[in-house]
Amino acid sequence: MSFAANALSTLVALVFLLAGAQKVLLRDPVTANLLRLGVGSTMTRSIGALEIAGALGLVAGLWLKPLAVVAAAGLTLLLIGAVGFHLRARDFTHRRHRSHAVAPVVLAVVTGTTMALLLATA
């Protein structure tokens with residue numbers, strides 16, 4: 001099971017490293033959706049920095065498991081906040097924005113699963 005936890009940690013780290021870089025660099029497709037949700041550029045960059053920090057924590061956690069658990073927990077909490085913003089915008093009821101709203105839910109499940117696997121193998 002340790003292999004599964006490490007593989008999932010690496011995959012999640014890659015996803016959040018790329019997503020965080022998009023936010024820190026304020027790429028148009030990402031910022032347009034966040035602006036629609038009421039998230040300004042400063043908060044967008046902050047979210048991106050937290051995502052990058054979480055990704056780096058997961059990678060460092062390959063050698064220090066408690067760090068990976070904390071990083072996965074932090075990313076899960078960040079995603080729960082994202083779900084809250086999508087709920088407030090009622091994105092789950094609008095067909096056009098539903099895919100944007102479902103993505104953080106799926107990622108929260110994946111990061112939560114990563115955290116559970118890391119805890120089980122620690």
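**Exercise 1. Is V69 buried or exposed? Find where V69 lies and what it touches.**

Step 1. Read the accessibility. V69 has 13% relative accessibility, so V69 counts as buried. Buried means under 20% relative accessible area, exposed over 50%, and partly exposed in between (1.4 Å probe, protein chains only).

Step 2. V69 belongs to helix α4. Helices (H or I, at least four residues) and strands (E, at least two) are DSSP runs, numbered from the N terminus.

Step 3. List the partners. Not counting residues up to four places away in sequence, V69 touches M115, L118 and L119. Contact means heavy atoms within 4.5 Å.

Step 4. Compare sequence with space. V69 and A116 are 47 residues apart in sequence, and their C-alpha atoms are 8.2 Å apart.

**Before going on: what kind of model is this?**

This is a predicted model, where local features need pLDDT of at least 70, side-chain atom pairs count only at pLDDT 80 or more, and totals for chains, interfaces and linings use all residues. Residues are numbered from 1 along each chain as its sequence is written, and side-chain values use heavy atoms, with hydrogens and water left out.

**Exercise 2. Find where confidence is lowest and where it is highest.**

Step 1. Take the whole chain. The mean pLDDT (the predictor's confidence in each residue, from 0 to 100) is 92, and 99% of the residues reach 70 or more.

Step 2. Go helix by helix. Confidence is lowest in α2, residues 28-36, with a mean of 86. Confidence is highest in α3, at 97.

**Exercise 3. Describe the largest nonpolar core.**

Step 1. Count its members. The largest nonpolar core has 16 residues. Such a core is a set of buried Ala, Val, Leu, Ile, Met, Phe, Trp, Tyr and Cys residues joined through side-chain atoms within 4.5 Å.

Step 2. Pick out the residues with the most contacts inside the core. These are V12, F16, L58, L75 and L118.

Step 3. Trace the elements. Two or more core residues come from each of α1 (2-24), α3 (41-60), α4 (65-88) and α5 (98-121). The largest share, six residues, is from α4.

Step 4. Zoom in on L58. Leaving aside neighbours within four places in sequence, L58 contacts S9, V12, A13, A68, A71, A72, L75 and L118.

**Exercise 4. Is V110 buried or partly exposed? Give its contacts.**

Step 1. Find the helix. V110 lies in α5.

Step 2. Classify. Its relative accessibility is 29%, so V110 counts as partly exposed.

Step 3. List the contacts. Leaving aside neighbours within four places in sequence, V110 is in contact with L8 and V12.
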